[in-house]
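Please read these notes with the model open beside you.

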Amino acid sequence: MNAMKRILIKYGIITGVFIILFIIFYYTVFYPLLIKNSEYCSLGLIGLLGSFITTFFGVMEYREKINNRFISFKKAFYIGLLISLIGITLYLLYFTFDYHFMHPSLLEREIAFQTRPERIEELSKLKDHAAIDHINEYKANYSKPLYFIYYTVSEFIPFAFFMSFVSALVLKRKPKNM
């Protein structure tokens, strides 16, 4: 296996493990608090961003050890995305197993949270029943494999792009003679 693949797999696995551990931690520690106070939602965003920090280190290792301390923005972005996608794929595998075999009531619990009486009352005041329709559509689609993959992966894609972009921006370096 060449050195680039080794770096992609190494940091992709680390990213996937960080995502999985963060999600387990989040739903174990913060989810009960989130039910009482929605301000804890920002902790989820910060934690996911932290899970993708390994993208930066993977791109940096590639630049330093393989590419003679030089890397273009395009190449750094590409490597960052690949690392992130490997991590997201590992999370998808974990979540598929967890959802179907360990916690099959997870979706119903989430829907119950989103449709709790005070939330419905809040939506009714805004006369925004589209959110409730969206939740019902989400529930209906979640049993379809492609939608399951889409819904599971889509929340991580913005973090993958953001961290790949930041990594590429910070780590790009051209040779001095160019």
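1. Start with Glu-61. Its relative accessibility is 14%, so Glu-61 counts as buried. The cut-offs are these: buried is under 20% relative accessible area, exposed is over 50%, and partly exposed lies in between, with a 1.4 Å probe and protein chains only.

2. Basis of the values. This is a predicted model, where local features need pLDDT of at least 70, side-chain atom pairs count only at pLDDT 80 or more, and totals for chains, interfaces and linings use all residues. Residues are numbered from 1 along each chain as its sequence is written, and side-chain values use heavy atoms, with hydrogens and water left out.

3. The partner of Glu-61. Glu-61 forms a salt bridge with Lys-10, and the closest N and O atoms are 3.3 Å apart. The pair links distant parts of the chain: Glu-61 sits in helix H3 (residues 53–66) and Lys-10 in helix H1, 51 residues apart. A salt bridge here is a side-chain nitrogen of Lys or Arg within 4 Å of a carboxyl oxygen of Asp or Glu. Lys-10 is partly exposed, at 38% relative accessibility.

4. The other charged pairs. The structure holds 3 salt bridges. Arg-63 pairs with Glu-64, with 2.5 Å between the closest N and O atoms. Glu-64 also meets Arg-69 in a salt bridge, at 3.2 Å from N to O. Shared partners join Arg-63, Glu-64 and Arg-69 into one network. Arg-63 is buried, at 6% relative accessibility. Glu-64 is partly exposed, at 28%.

5. Helix H3. Helices are DSSP runs (H or I, at least four residues), numbered from the N terminus. H3 has 14 residues and spans 20 Å from first C-alpha to last, close to the 20 Å expected at 1.5 Å a residue. That expected span is 1.5 Å times one less than the number of residues. Which residues of H3 are buried? They are Thr-54, Thr-55, Phe-56, Gly-58, Val-59, Glu-61, Tyr-62 and Arg-63. Just after H3, Asn-68 takes a positive phi of about 55°.

6. A patch to inspect. Ile-9, Ile-13, Val-17, Phe-18, Leu-21 and Ile-24 make a nonpolar surface patch of about 490 Å². Patch members have over 30% relative accessible area and no salt bridge; like charges are joined within 9 Å, and nonpolar side chains (Val, Leu, Ile, Met, Phe, Trp, Tyr) within 5 Å. Ile-13 lies in helix H1 (residues 3–36). Ile-13 is partly exposed, with a relative accessible area of 41%.

Terms used: Accessible areas come from the Shrake-Rupley method with a 1.4 Å probe; for residues, only the protein chains shown count as cover. Helices (H or I, at least four residues) and strands (E, at least two) are DSSP runs, numbered from the N terminus.
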